[in-house]
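Subject: Handover of a structure

Dear colleague,

Please find below the structure that I am handing over to you. My notes on what was found in it follow directly after.

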Amino acid sequence: MSGDPVSKLMGVFDRVAENAARKSAQMIGRRSVLSSLGKILVGGAVLPMLPFDRSARAQGASPASEKTDTDCDYWRYCALDGFLCSCCGGSITSCPPGTEPSTVTWVGTCQNPKDGKDYMVSYNDCCGKTTCGRCLCNSNVRERPGYLLGVHNDINWCMANQPSMYHCTVSVIVGVAG
Ligand code: ABN
């Protein structure tokens, strides 16, 4: 070994590294390294094959039953064609101030996902102001053509009111199927 300080220092590093390598080789052993490597390889191959939940719920989407009364796909709006009164200063069952419910109406039958029951829903238009313009929904479950007026939703049901201006639509449960 040469006598300059840098070479001496490098020699010390070499010896420390060599000793550490020898010690770890004595303690760990080739078999244990191979077995750990094997576990990592098998785990990496099996993990992607495990089943996991790909549903919308698992990805954080709210289920249909959690829709609110300002969402068009809220269950009670299954046969509604019009503006939601819940978005227009009223609520799901009450007309906004300055308007009144239509005296004639149309009905739909919608299933509540929470209890699985079918409910008869009366869609009353609220009359007396110009159209609200917010939350336009158009769902037509079991809707029938215009000659079956009671189950046709594409009509201004304010026609029998005075004034007959259409503003928005409420959804009132009027019955439940046995
Ligand atoms: N029943 C809601 C509505 C009002 C006016 C025109 C079409 C539909």
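**Disulfides**

The link of Cys85 and Cys168 is right-handed, with 100 degrees about the S-S bond. The two sulfur atoms lie 2.0 Å apart, where a disulfide is taken as a pair of cysteine sulfur atoms within 2.5 Å. This pair connects distant parts of the chain, 83 residues apart: Cys85 is in the loop between S1 and strand S2 (100-101), and Cys168 is in strand S6 (residues 166-176). Helices (H or I, at least four residues) and strands (E, at least two) are DSSP runs, numbered from the N terminus. Cys85 is buried, at a relative accessible area of 1%, and Cys168 is buried at 0%; buried stands for under 20% relative accessible area, exposed for over 50% and partly exposed for what lies in between (1.4 Å probe, protein chains only).

Please note that this is a predicted model, in which local features need pLDDT of at least 70 and side-chain atom pairs count only at pLDDT 80 or more, while totals for chains, interfaces and linings use all residues. Residues are numbered from 1 along each chain as its sequence is written, and side-chain values use heavy atoms, with hydrogens and water left out.

By the sulfur distance rule, the count comes to seven disulfides. Another of them joins Cys72 to Cys137, with an S to S distance of 1.9 Å. Its torsion about the S-S bond is about -80 degrees, so the link of Cys72 and Cys137 is left-handed. Cys72 sits in the loop between helix H2 (30-46) and strand S1 (81-83), and Cys137 in strand S5 (residues 136-138), so parts that are 65 residues apart in sequence are tied together. Cys72 is partly exposed at 31% relative accessibility, whereas Cys137 is buried at 1%.

Cys95 and Cys126 also form a disulfide, with sulfur atoms 1.9 Å apart. The torsion here is about -80 degrees, so the link of Cys95 and Cys126 is left-handed. Cys95 lies in the loop between S1 and S2 and Cys126 in strand S4 (residues 118-127), so the pair ties together parts 31 residues apart in sequence. Both Cys95 and Cys126 are buried.

**Aromatic pairs**

A search of the whole structure finds six aromatic pairs. Rings of Phe, Tyr and Trp (its six-membered ring) pair if their centres lie within 6.5 Å; planes under 30 degrees apart count as stacked, over 60 as edge-to-face and the rest as tilted. Trp75 and Tyr119 form a tilted pair, 5.4 Å centre to centre with 55 degrees between the planes. Trp75 is in the loop between H2 and S1 and Tyr119 in strand S4, 44 residues apart. Both Trp75 and Tyr119 are buried. Trp106 and Trp157 form a stacked pair, at 6.3 Å centre to centre and 15 degrees between the planes. Ring pairs also link Tyr74, Trp75, Tyr77 and Tyr119 into a cluster.

**Ligand surroundings**

A nitrogen atom of the ligand is 2.8 Å from an N or O atom in the side chain of Asp125. A nitrogen atom of the ligand is also 2.7 Å from a polar backbone atom of Ile155.

Yours sincerely

Methods:
A polar contact is a pair of N or O atoms within 3.5 Å; within protein, one must be able to donate a hydrogen and the other to accept it, and residues adjacent in sequence count only if both atoms are side-chain atoms.
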